[in-house]
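Please examine the sequence and the three-dimensional model shown below.

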Amino acid sequence: MKIFTAEQIRNWDQFTISHEPISSIQLMERASMAVAHWISEHCKNHKKLAIFCGNGNNGGDGLAVARMLYLKGFDVDLFISDSKRKFSEEASVNLKRLRDISGISVRKFDHNEPYNFDDKTIIIDALFGTGLSRPLEGDHKMLVEKLNQKNNIKISIDVPSGLPADGMFDNDAVILKADYTLTFQCWKRTFLHPETGKYTGKVEVLDIDLSKAYADTADAEYFVIDDQLIEPIFIPRQEFSHKGTYGKAAIIGGSYGKIGAAVLATKSALKTGAGLTFTLAPECGYEILQTSCPEAMFIEGGERFVTNFEIDKDFICGIGPGLGTDPDTGKNFLNFLKKYTQPLILDADALNIIAENPKNLKLIPKKSIITPHPKEFERLFGSTENSFKRLELAKDKAKEHGVFIVLKDHHTQIITPEGNVFYNITGNAGLAKGGSGDILTGILTSLLAQGYSEEHTCILGVWLHGRAADLASEKDSKESMLPTDVIDQFGNVFDELNRRAVRNL
C-alpha cells in the first residue's frame, strides 16, 4: 500500500470527484458511512456518543456521522466550534441536515465546561483532519487537553486532532490521544513513528473507494507492507526441487557466552527454507550447535571467538549474532570485508565493529542488508533529533553506500538504495527481547540464499518475522513469548502464504 502525503490525499479526493464522477458532499457521505458502520459494529455495548466537530471537512465528517449514528439508535451529544471561522461548504450542508433532525443536542464546545460524561460515553474526535498545518492553539488546544484527561474511549476520524499527516510539530504540541483512529483509504506516515504513532491507538484503514487509477499512477516513496504487497513476492516451494535449489546459508557468529545468538539465527535459517545451512562459530560452541541444530553443518572459526572468516563463495552469509568485539575478531572481520564482494546480511556485533571507524562503512559490499536497531544506527551514522530525521539520514546513507537498511523499530522501516521506504505493520512488543534480532538475521540469510532479491528478502523477511510474532503472542502472550516461540510459528505463517498462493492461481 502506498502512503500518500496530505497534499496527495487532497488530490486523490479531487481526482475521484472529477473522474467518477461524484460530488464532494457525496464523497463525504461515503466516508462518513464507513465510519458510522465501523462504530455501530464495534461499539454495540456503548450507546452514548459525544462528538466534537471542527469547522472544516473533518468536522463535516463528524456531523454526518452524528446524524447516521443517531438514526441507528445511538444517543448523540454534538459539540461544535464557537470560532469566527466559517464552516466549510460540506460541513455547512451536514450541519443543516443534522439540525433538521430533532433529538440531537447541538452545543458550542467550551474548554471551561466540565464534560462529565459517564464511563460508557464514547468521545468522537472530528476537530481537525489531515489539513492541519500548525500546532493546536487557543480554545482547541485547551479542549483537547481536557479531553485527554478523560478515561472514556476516544475515536478519532481520519487522524487524531493536532497530529499532522506527514511529520511532527514541536515536542510540546498538544495532540488528542485516541484509542482508535478510523483513517481513510491509506496509512499516514505519522501513524508509523514512535513520537507520533503513540497518539493513534489502534489504526483501522477504511476503504472509501477512492480512485484506483490515481492510486496506481501517483508516485510514492513510502509504502506499508500489507498482504497485497507480500502475496506476489512469496514463491511457493516447487515439487520437483532439491536442496541445491534453495541455496546455502551460512550464519557467522557466536563467541564464548553468546553461542545462543548463533543458535537462534541458525534455527531461524533452517526453519525458513534454506537448502543447506552452515554455522561458522568458535570451537567452544561446537557441541551446543550440533546438539541444538543437528540439521546445520558446523564450521570451526576459532576457539573462543571467531577469528577465521573464510567461507565458500557460493554461500550467503549472515554475520553478527553473538559475534563479540574481541580485537582479533574485529581485525579479521574487517580483512574479510576488504576481499568479499557479494551481498551480506550484517547485524549486531558486525555492525558494532564497523562503527568503530567511519571508513569501515566503505567496506560493506554493495546491495548488502544491514539491520541496526536505533542505537546501532546511531553508532554507525550519528545521532538525530527524532525518528523522522533518522529515517531521512538512513535514506541518504542507503543511497551513498548502495545498501539496504532494515531500521528496526516498532514499525521497522526498510530503506532501499533508491530511496524507497517500506514500513512493516506486523509484529508486537513481545519482540522486545534479546534474541529477536538474531532470528531476523537468520530469516534474511535464508531468503537471500533461496534466490529472493535483496529488496524482496527484506520485505518478506521483516513481514514474516512480525507475523510469526503476532501468532506467538496470541498463543503465549507478549510478556511470556520467547524468540524460540516465534521460530515455532514460522510453519503456520508459511501455511498462510501457501493457502493464499493457491487461492490466487
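Predicted model: local features only at pLDDT ≥ 70, side-chain atom pairs only at ≥ 80, totals over all residues.

The crossing of helices H16 and H18 is right-handed. Two packed helices are described by the angle between their axes and the distance between the axes. For H16, which comprises residues 454-476, and H18, which comprises residues 490-503, the axes come within 8 Å and cross at roughly 115°. On the side of H16, the contact is made by Leu460, Trp463, Leu464, Arg467, Ala468 and Leu471. On the side of H18, the residues involved are Phe490, Asn492, Val493, Phe494, Glu496, Leu497 and Arg500. Sorted by class, this contact between H16 and H18 contains nine nonpolar, one polar and three charged residues.

Helix H2 packs against helix H4 (residues 89-99) at an angle of about 65°, and their axes are 10 Å apart. Here, too, H2 passes H4 in a right-handed crossing. H2 contributes Ser24, Ile25, Met28 and Glu29 to the contact, while H4 contributes Glu90, Val93, Asn94 and Arg97. By class, the contact of H2 with H4 has three nonpolar, two polar and three charged residues.

Attention now turns to aromatic rings. A pair of such rings is described by the distance of the centres and the angle of the planes. When rings are paired if their centres lie within 6.5 Å, the count comes to 22 aromatic pairs. Tyr180, at 28% relative accessibility, counts as partly exposed.

A further example is formed by Phe309 and Phe333. Their ring centres lie 5.6 Å apart and their planes are at 45°, so this pair is tilted as well. Phe309 is located in the loop between strand S12 (297-300) and strand S13 (315-319), and Phe333 in helix H11 (residues 327-339), so the pair ties together parts that are 24 residues apart in sequence. Phe309 is buried, with a relative accessible area of 3%, and Phe333 is buried with a value of 0%.

Phe52, Phe79, Phe109, Tyr115 and Phe117 together form one aromatic cluster. Elsewhere, charged side chains are placed over rings. Lys47 lies over the face of Phe74, at 4.5 Å from the ring centre.

Two single residues may next be considered with their surroundings. Thr441 is part of helix H15, which spans residues 436-449. Is Thr441 buried or exposed? Its relative accessible area is 0%, so Thr441 is buried. Apart from neighbours within four places in sequence, Thr441 is in contact with Gly318, Pro321, Ile345, Asp347 and Thr371. Leu270, in helix H9 (residues 259-271), counts as partly exposed at 24% relative accessibility. With neighbours within four places again left aside, Leu270 is in contact with Thr277, Cys293, Glu295 and Ala296. Leu270 and Leu407 are 137 residues apart in sequence, and their C-alpha atoms are 24 Å apart in space.

The final topic is the backbone. Most residues other than glycine have a negative phi, and most peptide bonds are trans. The peptide bond from Glu20 to Pro21, however, is cis, with omega near -15°. Pro21 lies in the loop between helix H1 (6-19) and H2. Asp158, although not a glycine, has a positive phi of about 75°. Asp158 is found in the loop between strand S6 (154-157) and S7, and counts as buried at 9% relative accessibility. Asp209 likewise has a positive phi, near 60°, and is located in the loop between strand S8 (202-206) and helix H7 (212-217).

Methods
Residues numbered from 1 in each chain as written. Heavy atoms only, no water. Phe/Tyr/Trp six-rings, centres within 6.5 Å; stacked < 30°, edge-to-face > 60°. Buried < 20%, exposed > 50% of the residue type's maximum accessible area, 1.4 Å probe, protein only. Helix = DSSP H or I, 4+ residues; strand = E, 2+ residues; numbered from the N terminus. Lys NZ or Arg CZ within 6 Å of the ring centre and 35° of its normal. Axes fitted to C-alpha atoms, helices over the stretch in contact; angles between N-to-C directions. Left-handed = near helix turned anticlockwise from the far one by under 90°. Contact = heavy atoms within 4.5 Å. Nonpolar A, V, L, I, M, F, W, Y, C, P; charged D, E, K, R; others polar.
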